[in-house]
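This briefing is meant for a reader meeting the structure for the first time.

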Amino acid sequence: MEPVIQIKKLNASYNSEVALQDINMEIYKGEFIGILGPNGSGKTTLLKAVLGLISPAQGEIRLFGGPVDSAARKRMGYVPQKGSIDLTFPVRVFDAVMMGRYPLMGLFRYPSRSDRIVVEEVLKGVDAWHLKDKPIGELSGGEAQRVWIARALVSDPEILLLDEPTTGLDVMSQGQIIDLVHRIHEGKGLTVLYVTHEVNNVSCYLDKVAYLKKTLYAYGHPNDVIKVETLREVYAGEVEVIQGVDRPLVVVGDHCHV
Amino acid sequence: MSEILQYDFMRHALMAAVLVGGVCSIIGVYVVLKGLSFIGDGVAHASFGGVVLGFLLGINPLITSVLFAFIMVGLVSIFTGKGKMKTDPAIGVFFSFMMALAILFIGLMRSYNAELYSYLFGSIISVTATDLLIMLALGILVLGTVAVFFKELLYVTFDPEMALASGIRAGHFNFLILALLGLTIVISIKSVGMILVLALIVIPASCAHQLTRNIKTMFILSPLFGIAASIGGLCLSYYFDLPSGATIVIILTFIFILTALKRKRR
């Protein structure tokens, strides 16, 4: 089977600093991949390289067996990091989510009835239909994330990329977002790339985990990858791995314990 | 009002006011939301340089001002592309360069040209039928382009990175917004002048932004303010013998203060 995302010997810079070195990954259709690592480890750069927002300094990325071009981008949905969206922009939730369908409509066309039906269905699916008339600046953190996930889904993508969708949310909202992403992954058979800091509340759903710190330290099934030796390299020592009931749990930077 | 309409020059001026007020305030929505005021000012100065060159060479100043507006947009795009340089200093550099060229060209003319004055401060009552036709053609071009690419322009204004990530050629459309801004300034510069044109672009959209959190409403309110203030300013300037461009901008500023107060109370 051909991978939907193939990353070969990728080197990439971000803001003229080397962010990624010699990354090799193959991601197959329907996989739920967690991308982990400390701050500044190149997680976001990796997502942006896959989306073609930054071009590789060396190496190659292939999507669906072809190049990273505008046709391939239309088959991907992206939920960017919090803070990259201008929340003062005067747009309502419904219209903001509709933008996710713009690339499919083609030039000279305005949203049709069927576009509006898709937006309605997706908003209902993420439990955000009641927010449709709200200006985006008036959403809570969890509501906003559900709306941006909806925007990524209305183009009916085959790959969903999420950049720290739970950062800055309270524990309840974090759980809701993770359940939602899990439900989308199961329901639609989407390939999901999920960048996060917090592995424990999502690792039970992940098919594979990638530990990044400029280079790829480990890539595989959570039970094989989440090992104290690997993580101590990635997080420079301050890590413990505790064996939970069904899976390993990671404690990063536990100063009381260390 | 009927008294105003019996003069040819006032009929032309009114049509110019509606046209300029409408086109400026539509493009102004993008300028306000994308934060393009400074580049707008730079383009205004550049197109004035073009106007002076037109007079110097004896060709239609509209042609040379379009050219200079595009050179300004092109220079800034080249120097800021791919994060090579911040936009602000790039505009600062070429803004001054273009103004220096304008002053140089004025120096080379050796004789005083009174018509230049109207491009600097605006003279809506000296707009001729030919001017109007050119303005109308360019105005239709600008508004037509906005209508055709409305959703792409909206997406790159709101979230250029997402637009690019979802397959829209964001770079092309960012340049298109600047090109439309350049054309808008060229259309307006004779009516309101290089110094005041930015006000007609930025203030109506800012008033609309105070009153609504819905982009569609903003595209309706902004031209309403722009056209109303242009007609009102023109009439006042006729009855009280005031400079028209300045009167329009002062009315717009009052509207802005009122909308800001309304928002504060809300």
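A salt bridge is counted where a side-chain nitrogen of Lys or Arg lies within 4 Å of a carboxyl oxygen of Asp or Glu. In this predicted model, the structure holds 14 such salt bridges over all chains.

**Overall form of chain A**

- Chain A contains nine helices and eleven strands, and its radius of gyration is 19 Å, close to the 18 Å that the globule rule gives for 258 residues, so chain A is as compact as a globular protein of that length.
- The C-alpha trace of chain A spans about 55 × 40 × 35 Å along its principal axes.
- Of the 258 residues in chain A, 52% are buried, and among the contacts with a separation of 6 or more, 64% are between residues 24 or more positions apart.

**Surface and charge of chain A**

- The accessible surface of chain A comes to about 11600 Å², and carbon and sulfur atoms account for 49% of that surface.
- Chain A carries 28 positive and 32 negative side chains, with the centres of the two sets lying 6 Å apart.

**Salt bridges in chain A**

- R62(A) pairs with E60(A) in a salt bridge whose closest N and O atoms are 3.2 Å apart, and both belong to a network of salt bridges that also includes K8(A).
- R62(A) is partly exposed, with a relative accessible area of 25%, while E60(A), at 32%, also counts as partly exposed.
- R101(A) and D115(A) form a salt bridge with closest N and O atoms 2.6 Å apart; R101(A) lies in the loop between α3 (93-98) and α4 (102-105), whereas D115(A) lies in helix α5 (residues 113-125), 14 residues apart.
- Both partners of this pair, R101(A) and D115(A), are buried.

**Charged residues in chain B**

- E115(B) forms a salt bridge with K190(B), the closest N and O atoms being 3.9 Å apart; E115(B) lies in helix α6 (residues 114-121) and K190(B) in helix α10 (residues 170-192), so the pair ties together parts that are 75 residues apart in sequence.
- E115(B) is partly exposed at 37% relative accessibility, whereas K190(B) is buried, with a relative accessible area of 10%.
- Leaving aside neighbours within four places in sequence, D41(B) is in contact with F95(B) and L198(B).

Methods: Residues numbered from 1 in each chain as written. Chains lettered and ligands numbered in written order. Predicted model: local features only at pLDDT ≥ 70, side-chain atom pairs only at ≥ 80, totals over all residues. Heavy atoms only, no water. Helix = DSSP H or I, 4+ residues; strand = E, 2+ residues; numbered from the N terminus. Rg over C-alpha atoms; globule rule 2.2 N^0.38 Å. Buried < 20%, exposed > 50% of the residue type's maximum accessible area, 1.4 Å probe, protein only. Contact = heavy atoms within 4.5 Å. Areas by Shrake-Rupley, 256 points an atom, 1.4 Å probe, with all protein chains shown as cover. Lys, Arg positive; Asp, Glu negative; His and termini not counted. Charge placed at Lys NZ, Arg CZ, Asp CG, Glu CD.
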